[in-house]
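I opened this entry to log what I looked up, item by item. The notes follow the order of my reading.

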Amino acid sequence: MVEETETSPDGGPHRLAIEGALTISRLGGIRRDIDAAPDPLTLDVSGVDRIDTVGAWLLHRTVRDRGATIVGQSPEINDLIGQVADADPGAPVQREKPPRPLAFLAELGEWTIEFGRTFVGLLGFFGSVILGFASLIRHPKRFRFNAVVQRFDLVGVRALGIIGLMSFLIGIVVGQQGAVQLQQFGAEVYTINLIGRLTLRELGTLMTAIMVAGRSGSAFAAQIGTMKITEEIDAMRTIGVSPVEALVIPRLLAAVVMMPLLAFFSMVLTLAGGGLFCWLVLEIPPLTYISRLQEVIPITDLWVGLIKAPIFGFIIALAGCFQGMQVKGNSEEVGLRTTTAVVQSIFMVIVLDAVFAVFFSQVGWN
Amino acid sequence: MACDEIITVRGLSNAFGEQYVHKDLDLTVCRGEILGVVGGSGTGKSVLMRSIIGLQQPVSGEIEVLGEPMVDRDEAEAKNIRRRWGILFQNGALFSTLTVAENVQVPIREYFPYIKGELLDEIAAYKIAMSGLPANAGPKYPSELSGGMRKRAALARALALDPELLFLDEPTAGLDPIGAAAFDELIVKLKQKLDLTVFLITHDLDTLHAICDRVAVLADQKVIAVGTIEELLAMDHPWIQEYFNGPRGRAASGHKTGASVG
Ligand SMILES: Nc1ncnc2c1ncn2[C@@H]1O[C@H](COP(=O)(O)OP(=O)(O)OP(=O)(O)O)[C@@H](O)[C@H]1O
Ligand SMILES: [Mg+2]
């Protein structure tokens, strides 16, 4: 593109000649020259051999905003300018944003409303799940046996590896940390009490719950959320399939049934990890370790751990499915809701765990 | 008319696992034409488009677009070609986290980062209006639009860079007849003014009659025929006869002659 700028000697309109291609890829330079030229402006386009709609738009807006005159245009250029001028919408394309100082207040308000809504929504969701269960009990034929078994596999069986590995390592860590402290009193042998009671009462169930929330709670939210976006859930409803029955209840059942089993598995492996540490480092042979565990752990410790497990599972699945159902609009929402589901369920699990700790010590299981 | 080849497909085979969608398929598109691509559902029209634009790795065959081979291209080289085409996917494929205007701006921002601010907004706005959307559609998110409006927004994005080559996968499906006719008109206008070449997959017989220079028929894993509608009508392939001379085909062609007489 070549440009020549001439100012008429008699102080008449400024004349700017544009030559070559007037297309989007040349737009930067041409626009700078046009912006720099003083009013009144005449644009000579007789030398333009190629133009696209963006070039035509540049001419159109210069005429519209600055009253410039265009000379030397071919009929094609005229046509194209006419076409983009017809499409000049004169409407903003950006969303309106509230002014800055109010933005914070607006956000706070929105957040509060959202919080309230989530709480009410969760209660409502809980209610619809109960209704779903009730109707399944009345019509047991509608129970989706295959879906449930598939969830058992995904939530339970496939989690065995990672939960086992994690538990085993934690067993070693707890043993090691305990031993270091207890050695100062010459009481290394109490490491076994520490590992045993901590694992059964707290660690096994809590670690499993966190793992299940991260593995399955997030998957529930993402799966259901994606189905929401692609209108699969609406399609289900119109066919007459209840999404609660088809999607939520199998996931809830899987979490509730699998959590205690996984928690028990986790406890066994944590104890094994601790046992390995005791054997190798404290030189307590495995048989002694086991019989010592039997002496120091009351059976109620096992109940304390296992009673909590299905309840945690229920909370995790409920939060995951609920957040999934809340998704609307776009794919970013799926990510946000998945994060919320995991954070919410882990938070609720830990709060409840604290409540349980107080409760069990009050009933004398300590 | 001599053919200045803008897309050349030779011996293309595509398969998903064991199932072959195309076997030894040939097709040429000439510069400046609107090529209609027709075929029954599932005959591989969308897959053909995806392999031409390099999204589908073919089992064998050569593909050249704008003089450049497309098979096994690396991303950096392919970028120069991508700038010169616009694509409308069958389901729109709008970015759901961006507004319509932002969707249109994505290609412009990517290739011409110095276009910003007010001018960028204005460009997006006229592209949106040109695609037949109301002026207030710009700030909306795709999920807030109707199905037909989403199609138009996707067209606005395909046209964002004033491409020389436009791929359209069923652009008029889901549009009202008036909107579809306006769409046909827009494509013809752009084609005349911007020297556009269009690869147009469609089931819309009216569109075929109204704007396509040539029509390619896909069946039996191949392009079984390419030509003007008159040339195709002269063939005695059963599917082609059924397609153009079935009740809908006759209605569309009758409509056209009726209109040109009146
Ligand atoms: N990702 C994929 N995986 C497996 N098979 C596929 C995939 N995409 C397409 N196919 C198969 O390839 C064939 C052609 O599909 P394609 O989408 O190209 O059809 P089409 O001609 O565009 O049909 P329509 O007119 O309905 O859009 C179909 O049989 C389809 O099942
Ligand atoms: Mg298709």
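**Domains.** I began with chain A, which is divided into domain 1 (3-86) and domain 2 (114-362). These bounds come from an automatic or database domain assignment. I looked up the distance between the centres of domain 1 and domain 2 of chain A, taken over C-alpha atoms: 68 Å.

**Ground rules.** I noted that this is a predicted model, in which local features need pLDDT of at least 70, side-chain atom pairs count only at pLDDT 80 or more, and totals for chains, interfaces and linings use all residues. Residues are numbered from 1 along each chain as its sequence is written, while chains are lettered from A and ligands numbered from 1 in the order in which they are written.

**Chain A against chain B.** I looked up the contacts next (C-beta atoms, placed from the backbone, within 7 Å). On chain A, 27 residues are in contact with 27 residues of chain B. On the chain A side, α1 (27-36), α2 (53-66), α3 (75-86) and α12 (331-362) each supply at least two residues. Helices here are DSSP runs of H or I with at least four residues, strands are runs of E with at least two, and both are numbered from the N terminus. Helix α3(A) gives the most to this side, with five residues. I sorted the chain A side by type: eleven nonpolar, nine polar and seven charged. Ala, Val, Leu, Ile, Met, Phe, Trp, Tyr, Cys and Pro count as nonpolar, Asp, Glu, Lys and Arg as charged, and the others, Gly among them, as polar.

**Ligand 1.** Which residues are around ligand 1? I listed B:F16, B:V21, B:G39, B:S41, B:G42, B:T43, B:G44, B:K45, B:S46, B:V47 and B:Q90. A residue is near if its C-beta atom, placed from the backbone, lies within 6 Å. Helix α1 (residues 45-52) of chain B gives the most to this shell, with three residues. The shell divides into three nonpolar, seven polar and one charged.

**The sheet in chain B.** I traced six strands in an open sheet, in the order β6-β7-β8-β3-β9-β10, with mixed pairing. Strands pair if DSSP finds at least two bridges between them. At the edges stand β6 (85-88) and β10 (222-227) of chain B, each with a single partner strand, so one side of each has no neighbour in the sheet.

Four bridges join β6(B) to β7 (residues 165-169) of chain B, and the two run parallel. B:I87 stands opposite B:F167, and B:G86 has B:L166 as its bridge partner. On the next step, β7(B) and β8 (residues 197-201) of chain B pair in the parallel sense over five bridges. There B:L166 stands opposite B:V198.

Is β7(B) mostly covered or mostly open? Mostly covered: five of its five residues are buried, meaning 20 or more other C-beta atoms within 10 Å, whereas 12 or fewer is exposed and in between is partly exposed, with C-beta atoms placed from the backbone. B:L165, B:F167 and B:D169 lie on one side, B:L166 and B:L168 on the other.

**Two single residues.** B:L205 is found in helix α7 (residues 205-211) of chain B. B:L205 is buried, because 22 other C-beta atoms lie within 10 Å. Leaving aside neighbours within four places in sequence, B:L205 is in contact with B:R248, B:G249 and B:A252. B:D176 is in the loop between β7 and α6 (177-194) of chain B. With 10 C-beta neighbours inside 10 Å, B:D176 counts as exposed.

Note on methods:
Two residues are in contact if their C-beta atoms, placed from the backbone, lie within 7 Å.
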